[in-house]
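Reader: Can you walk me through this one? I will ask as I go.

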Amino acid sequence: MVVTKRIVLHFPGRLVERPIISRLVKDYDLEFNILRASITPEQEGLMVLELKGNQGEYDKGVEFLLKAGVKIQSLSQDVTRNEERCTHCGACVTVCPPGAFRVDAKTRMVIFDNKKCIACGLCIPACPPHAMEVHF
Amino acid sequence: MAKTIAEINEKIKAGQAVVFNAEEIIEVAREWGTSRAAKEVDVVTTGTFGIMCSSGAYFNIGHSQPRLKLGGGRAYLNDVPAYTGLAAVDLFLGANALPDDDPRNRVYPGEFNYGGGHVIEELAAGKDVKLVATAYGTDCYPRKRLETWINIKDLNQAVLFNVRNAYQNYNVAVNQSDKTIYTYMGILKPKLGNANYSSAGQLSPLFNDPYYRTTGIGTRIFLGGGTGFVAWQGTQFNPSVPRTEKGVPKEGAGTLAVIGDLKQMSSKWLVGTSVQGYGCSLTVGVGVPIPILNEEILQYTTVTDADILAPVVDYADAFPNLKPEILGEVSYAELKSGKIKIKGRDVPTASRSSYPKALEIANTLKDWIKSGRFLLTEAVEPLPGAGSGVAQRPLKERPIEY
């Protein structure tokens with residue numbers, strides 16, 4: 001079974017200069033799409049990836065990353081909406097590149113589908129009540 | 001048969017008032033006919049919850065010992081400057097005020113994380129706010145410096161006073177240039193990449209009373225989660241604009257100045273707001289009850305999103321340069337479908353004003369009236385009407401000779 005997952009990888013400083021992602025392609029036949037990547041002043045790496053491949057190979061690839069010392073989070077845990085602050089105005093709808101926000105035609109409530117989120121962060125400053133939060 | 005506000009209030013006190021929100025009344029009038037609906041319905045409630053920049057609040061903080069005169073000095077609430085041109089311990093804080101050290105748009109587009117609107121939200125939430133003030137000192141007000149926590153419950157007065165809220169209609173903002181722009185109508189992508197609008201449409205107060213038949217000075221309203229009053233016509237009040245056959249203004253038109261005791265309001269309905277690249281503001285909840293005195297008033301409340309047209313304005317050129325041209329007119333029904341057609345192109349739409357919250361306001365007001373805790377008031381003076389000649393004028397600049 002083919003799976004597509006969006007994950008956030010945290011690389012400790014010692015791994016930043018080692019080729020890791022390429023191993024996912026060579027050894028586990030996974031396709032990847034880098035959605036975001038950065039290295040902090042403390043030399044730690046952060047990468048948001050979309051990985052696609054066979055479920056069995058995906059699991060092995062993730063195991064390889066964990067063994068190498070990479071911390072993995074699911075992307076959906078990283079960008080969240082503070083439900084108390086969201087006013088359901090809808091300002092985010094056309095700001096979001098992958099269209100993770102949509103307005104329910106009946107209730108006019110804004111629905112956030114975090115499976116579509118690519119963690120680009122554009123919604124964070126664009127949300128008038130600052131209801132969108134990113135936790136990297 | 002016409003009703004009076006006094007008669008409607010008797011029914012409210014008896015718990016027998018028939019009340020619908022401005023969305024429900026559309027269906028009710030369709031089913032019952034307007035004549036029967038006008039007879040049987042007592043009140044239609046409206047609501048709007050949007051970014052309303054011309055909002056603010058004034059406070060009387062009480063006298064310190066020894067006394068200090070804020071007037072003519074400087075005062076900051078959570079580092080946000082408040083206006084000190086009033087007497088000794090009165091302050092006015094505007095929703096757009098920014099801390100002196102806010103980078104504004106020096107790092108473009110600015111984030112505007114905290115300003116006057118956020119202070120008002122925190123006060124309404126009952127949170128302590130830091131007041132820092134300096135004064136020049138007088139014989140009767142000798143003190144020159146004050147640093148203290150204040151809390152809304154200890155203030156003598158805390159009054160929300162918004163000089164322009166509840167715009168009757170609003171522009172649909174687009175961008176025809178080839179770069180992204182950051183406006184008070186939100187982020188506008190280049191080459192007609194998106195269109196932003198800001199009105200609750202058929203639920204919005206003045207769309208349901210387009211000629212200000214019942215809404216006037218002294219009208220009791222839902223304001224910021226509590227009750228307030230219409231204080232005056234709002235600034236930029238502009239009733240003489242073109243209207244549809246049903247009287248719906250096709251652009252800005254009427255506005256309301258509103259006032260109410262901030263102490264009984266809630267941070268749920270007064271939300272500090274950041275507009276990227278533009279500034280800080282306050283999102284305000286306003287709901288106006290419309291007494292159904294006769295069939296004409298009832299008919300106005302049956303307005304639907306399809307009846308309401310808004311002008312599409314280019315915020316890259318026409319708006320900043322005060323040019324009158326518009327790119328067309330679209331209905332709120334079209335806007336709410338998620339896309340509109342401009343110059344033959346499909347343009348995705350987004351709202352700046354919350355329809356679900358507007359509905360919650362209209363329903364809250366409905367519940368207050370049905371339960372007898374909210375009575376209607378007779379306006380003490382009407383707002384200027386469509387034929388009054390009142391109009392919004394641009395600034396006439398006159399060069400100063402030196």
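Author: Some terms first: two strands pair if DSSP finds at least two bridges between them. Helices (H or I, at least four residues) and strands (E, at least two) are DSSP runs, numbered from the N terminus. Residues are numbered from 1 along each chain as its sequence is written, while chains are lettered from A and ligands numbered from 1 in the order in which they are written. This is a predicted model, in which local features need pLDDT of at least 70 and side-chain atom pairs count only at pLDDT 80 or more, whereas totals for chains, interfaces and linings use all residues.

Reader: Which strands of chain A form a hairpin?

Author: Strand 2 and strand 3 of chain A do, with five residues between them. In the turn, Q43(A) has a positive phi of about 70 degrees. The two strands (residues 31–39 and 45–54) run antiparallel and are joined by eight bridges.

Reader: Which residue is the bridge partner of S38(A)?

Author: L46(A), in strand 3 of chain A. Elsewhere in the pair, I34(A) stands opposite L49(A).

Reader: In what order do the strands of the open sheet of chain A come?

Author: The order is 2-3-1-4, four strands with antiparallel pairing. Strand 2 and strand 4 (71–74) of chain A are the edges, each pairing on one side only. On average, neighbouring strands of the sheet are turned by 25 degrees against each other, direction ignored. Such angles run from 0 to 180 degrees between N-to-C directions, and axes are lines fitted to C-alpha atoms, for helices over the stretch in contact.

Reader: What packs on the sheet?

Author: Helix 2 of chain A, which touches strand 1 (2–11), strand 3 and strand 4 of chain A. Its direction makes about 155 degrees with that of strand 3 of chain A. Contact here means that the C-beta atoms of two residues, placed from the backbone, lie within 7 Å.

Reader: And at what angle do helix 1 and helix 2 of chain A pack?

Author: About 145 degrees, with the axes of helix 1 (residues 21–28) and helix 2 (residues 55–68) 10 Å apart. Helix 1 of chain A contributes R23(A), L24(A) and Y28(A), and helix 2 of chain A contributes E57(A), K60(A), G61(A) and F64(A). By class that makes three nonpolar, one polar and three charged residues. Ala, Val, Leu, Ile, Met, Phe, Trp, Tyr, Cys and Pro count as nonpolar, Asp, Glu, Lys and Arg as charged, and the others, Gly among them, as polar.

Reader: Zooming out, how many helices and strands has chain A?

Author: Three helices and eight strands. Along the sequence the pattern is β-α-β-β-α-β-β-β-β-α-β. The C-alpha trace of chain A spans about 50 × 40 × 20 Å along its principal axes.

Reader: How many residues does the contact take from chain A and from chain B?

Author: The contact takes 16 residues from chain A and 21 residues from chain B. On the chain A side there are nine nonpolar, six polar and one charged residues.

Reader: On to chain B. Why is helix 4 of chain B largely enclosed?

Author: Because eight of the nine residues of helix 4 (residues 116–124) of chain B are buried. A residue is buried if 20 or more other C-beta atoms lie within 10 Å of its own, exposed if 12 or fewer, and partly exposed in between, with C-beta atoms placed from the backbone. The buried residues include H118(B), I120(B) and E121(B). Just after helix 4 of chain B, G126(B) takes a positive phi of about 85 degrees.

Reader: What does I120(B) touch?

Author: Leaving out residues up to four places away in sequence, I120(B) touches A57(B), L93(B), A95(B), L270(B), G272(B) and L282(B). I120(B) is also among the residues with the most contacts inside the largest nonpolar core, which has 142 residues. Helix 7 (residues 355–370) of chain B gives the most to this core, seven residues. A nonpolar core is a set of buried Ala, Val, Leu, Ile, Met, Phe, Trp, Tyr and Cys residues joined through C-beta atoms within 7 Å.

Reader: Back to the backbone. Where is P109(B)?

Author: In the loop between strand 7 (90–94) and helix 4 of chain B. The peptide bond from Y108(B) to P109(B) is cis, with omega near -10 degrees. The bond from Q65(B) to P66(B) is cis too, with omega near -5 degrees.

Reader: Is K343(B) buried or exposed?

Author: Exposed, with 11 C-beta neighbours inside 10 Å. K343(B) has a positive phi of about 50 degrees although it is not a glycine, and lies in the loop between strand 24 (339–342) and strand 25 (345–351) of chain B.
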